[in-house]
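Let's take a walk through this fold by way of its side chains. Have the sequence and the model open side by side, and follow along.

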Amino acid sequence: MVLFNLSSDNPGPFILVGIPGLEHAHVWIGIPFCIIYMVAIVGNCILLYLILVERSLHEPMFFFLFMLAMTDLTLSTAGAPKTLSIFWLGAREITFPGCLTQMFFLHYSFVLDSAILMAMAFDRYVAICSPLRYNTTLTPKTIIKIVVGISFRSLCIILPDVFLLTRLPFCRTRIIPHTYCEHIGVARLACADISINIWYGFCVPIMTVISDVILIAVSYTLILCAVFRLPSQEARQKALGTCGSHVCVILMFYTPAFFSILAHRFGHNVSRTFHIIFANLYIVIPPALNPIVYGVKTKQIREKIIILFSIKGTL
């Protein structure tokens, strides 16, 4: 669905090249890429189903996990189907409104993912550092306010990217050496000054994500201080176990994200082929691994998954 058609002088369609230099291998590259994407779809759908139908999972932590799964589905689906159509069908054309729409959902999902991880860190902080006030602090009303706040913040950060692109004239090549549309890559095709696009497109999202990382780090520092003050080894292990899956997801999300952002902005020695392959894996691997990590490390979800598949196995 095309949501953005804001330019009064819409340029013609853009051409997404795919992975430059590896065009001959697109068909084979598409196979593992499709498998990882399908794992992401199935895994996140199972997670969404379990959280919806199991009343024991109707808690703040699992509500944020539900939102993370939805955002991961959006992130992977915004890019993967078009990438696969390029690899397997040679469908390289994308309209300007379609390009803006894809760019918006990719960037919006990334910023929203970061905000959700920050909210989940706050949830773990309250659960471990102030367990007696957990239910009174994270009430349904408070959770709704958090969700609306982080969603609106992400929208306000990414929507200007769309308007910054619609103001640009595109009178040069319309060939994008990538598998999907992203802000700076499209802006560089314009025949006008794009300084504001470069600085806004880089500084605002990265500063937002850095602020999220700082708040997450502060939360986990306070959590660790509280955990090591617990009297028994068993209590410490249980508290750390509840945070283990979240820490794994945080590392899987931010490590490749910062590498990709910094390599795109400063990594002039990083080959374009490597950068594009890495960028494509980034939109499917974290969404595929997140449900697996939570399914393995979170006891409540692990038990529900075992029950779900054991019931199906007996039918």
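First, a word on accessibility: buried means under 20% relative accessible area, exposed means over 50%, and partly exposed is anything in between, using a 1.4 Å probe and protein chains only. Bear in mind that this is a predicted model, where local features need pLDDT of at least 70 and side-chain atom pairs count only at pLDDT 80 or more, while totals for chains, interfaces and linings use all residues. Residues are numbered from 1 along each chain as its sequence is written, and side-chain values use heavy atoms, with hydrogens and water left out.

Let's begin with charges. Counting a salt bridge as a side-chain nitrogen of Lys or Arg within 4 Å of a carboxyl oxygen of Asp or Glu, the structure has three. One of them pairs Lys 304 with Glu 54, at 3.5 Å from N to O. This one links distant parts of the chain, 250 residues apart: Lys 304 is in helix H11 (residues 299–314), and Glu 54 is in the loop between helix H1 (26–53) and helix H2 (60–89). Helices (H or I, at least four residues) and strands (E, at least two) are DSSP runs here, numbered from the N terminus. Glu 54 has a relative accessible area of 24%, so it is partly exposed.

Another bridge brings Arg 153 and Asp 212 together at 2.9 Å, N to O. Here, too, distant parts are linked: Arg 153 sits in helix H5 (residues 140–166) and Asp 212 in helix H7 (residues 195–227), 59 residues apart. Arg 153 is partly exposed at 24%, whereas Asp 212 is buried at 0%. Then there is Asp 123 with Arg 124, at 2.8 Å from N to O; both of these residues are buried.

On to the cysteines. With a disulfide taken as a pair of cysteine sulfur atoms within 2.5 Å, the structure holds two. Cys 99 is joined to Cys 181, S to S 2.0 Å. The torsion about their S-S bond is about -120°, so this disulfide is left-handed. Cys 99 lies in helix H3 and Cys 181 in the loop between strand E3 (175–176) and H6, so the bond ties together parts 82 residues apart in sequence. Cys 99 is buried at 1%, and Cys 181 is buried at 0%.

The other disulfide joins Cys 171 to Cys 191, S to S 1.8 Å. Cys 171 comes from the loop between H5 and E3 and Cys 191 from the loop between H6 and H7, so parts 20 residues apart in sequence are tied together. Cys 171 is exposed at 58%, while Cys 191 is partly exposed at 24%. And why is Cys 203 too far for a bond? Its sulfur is 18 Å from the closest cysteine sulfur, in Cys 156.

Last, the rings. Rings of Phe, Tyr and Trp (its six-membered ring) pair if their centres lie within 6.5 Å; planes under 30 degrees apart are stacked, over 60 edge-to-face, and the rest tilted. The whole structure has twelve aromatic pairs. In one of them, Phe 63 and Phe 64 have ring centres 6.4 Å apart and planes at 70°, so the pair is edge-to-face. Phe 63 is partly exposed at 38%, but Phe 64 is buried at 0%. Phe 110 and Phe 253, by contrast, are stacked, with 5.3 Å between centres and 25° between planes.
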